[in-house]
Amino acid sequence: MSIIPSAVFQVDLAAVEFNYRHAHTIAGKATEIAAVVKSDAYGLGLTSVAKALSHAGCNLFFVANLDEALSLRSAGLNARIVVFSGDVVKSRDVYREANLVAVVNSREDLVGIADATAPAPYFLNVETGFSRFGLNIDGLQDLKASGVFQNNPPSCIFSHLACSDNAHDLTNKQQRDRFIAAAKMFPEASRSLSASAGLWLGRAYHFDIARIGSALYGLNNARIYPNPLRSVARLRAPLVDIRNVPHRQAVGYGATFRTRRDTCLGIVGIGYKHGLPWACANKLNVKIGQYIAPVVGRISMEYTTVDLTDVPEFARERGGAVDFLYDDFGIDELAAAAGVNSQEVAIRLGASCPRDYPERAIEWGAVASMVGRRGSDTGSVIEKVA
Ligand SMILES: *Cc1c(COP(=O)(O)O)cnc(C)c1O
């Protein structure tokens, strides 16, 4: 049995690559799969994930802000990077020097960009029903007539679907119709509407670029069964103590669990400090080797208690590994058990536990595979770093 010193969040980069290729298969050749690696790649590690995806042939990345974009550049990523949000006017020089693509989210952004002496590429976000960022379609025609796009037209028009995880929701078609109307004003620009769940809405939703985050990380937002995505994360924690307690003994804060027999309890070194949702008290099964053990009582800050009574004695060992995420129980299942959102669970675990990338060492300078290549594009190239 392996001895592990602390809770660890393991990320399988080969599975991320697999999911990237799968997204390609679904979207088809006409659609470029862009990787959304914002928020530290949903907690999985910005540069490690981008490196793996670049290796798999991805040449277009979306990040949340300039900090993330610059991290990728200084790590040597040579692909196109689009920055979802930032002060595109004030930071104009930074965008240019690091060769970053801005997203224009507002009229102010647009006017600032149009004023620039040297035109720079940008993506234009149009609001079709999400009500977050983006220019309202109503004003677009007037803006166009004012000549603001003359010197510097957008290279891509994009919008974001609110309800794509439900294929039956009529909002999808409504947003798509508005999006197409807006994109018609810019026939030269490429078009992007869908995120992960949009992959399963059919070709009519794929357009030129699909912006894929969750699906790369194995999160099945659209609840497609059987799940075609590979689970990307494992969560292991050490069994730090074992104690035998009698029948009818209270366990943990609030005494939310009472033993129903003489019970062998295991104290595991993971709590909500490590990103394990407090809400999954009494609702999870963990694995010790091939044996199943239920979580009993509340999750505390540093520790979780499990019932080891049915685990054979030889498999209970202090320092041994307890698996909270395993083959048929991934982040989606953990999130569902806790009644919370999968992306939130991934981000919290990734931010709070030490991360590990087992069995995988992608060399910088690796040649990109042929997957996802379009036209004469040389694909993504990661420069060698010392
Ligand atoms: C986060 C985000 C995405 C990716 O969404 P997933 O559902 O995780 O694939 C795409 N587009 C925008 C604008 C986003 O904010």
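Helices here are DSSP runs of H or I with at least four residues, strands are E runs of at least two, and both are numbered from the N terminus. The model is a predicted one, in which local features need pLDDT of at least 70 and side-chain atom pairs count only at pLDDT 80 or more, while totals for chains, interfaces and linings use all residues. Residues are numbered from 1 along each chain as its sequence is written, and side-chain values use heavy atoms, with hydrogens and water left out.

Take the helix pair α9 (residues 331–338) and α10 (residues 342–352): they pack at about 110°, with axes 8 Å apart. Axes are lines fitted to C-alpha atoms over the stretch in contact, and angles run from 0 to 180 degrees between N-to-C directions. That angle makes α9 roughly perpendicular to α10, a label that covers 65 to 115 degrees. On the α9 side the contact (heavy atoms within 4.5 Å) is made by I331, D332, L334 and A335, and on the α10 side by S342, V345, A346 and L349.

Now for the ligand. Polar side-chain atoms sit 2.5 Å from a ligand oxygen for S196, 2.6 Å for S214 and 3.2 Å for R132. The protein covers 88% of the 390 Å² of accessible area that the ligand has on its own (Shrake-Rupley method, 1.4 Å probe).

Two backbone spots also deserve a look. Most residues other than glycine have a negative phi, and most peptide bonds are trans. D40, in helix α2 (residues 38–42), has a positive phi of about 55° though it is not a glycine. The peptide bond from Y225 to P226 is cis, with omega near 0°, and P226 is found in the loop between β10 (209–212) and β11 (233–245).

Notes: Parallel < 35°, antiparallel > 145°, perpendicular 65-115°, else oblique. Polar contact = N/O pair within 3.5 Å; in protein donor to acceptor, adjacent residues only side chain to side chain.
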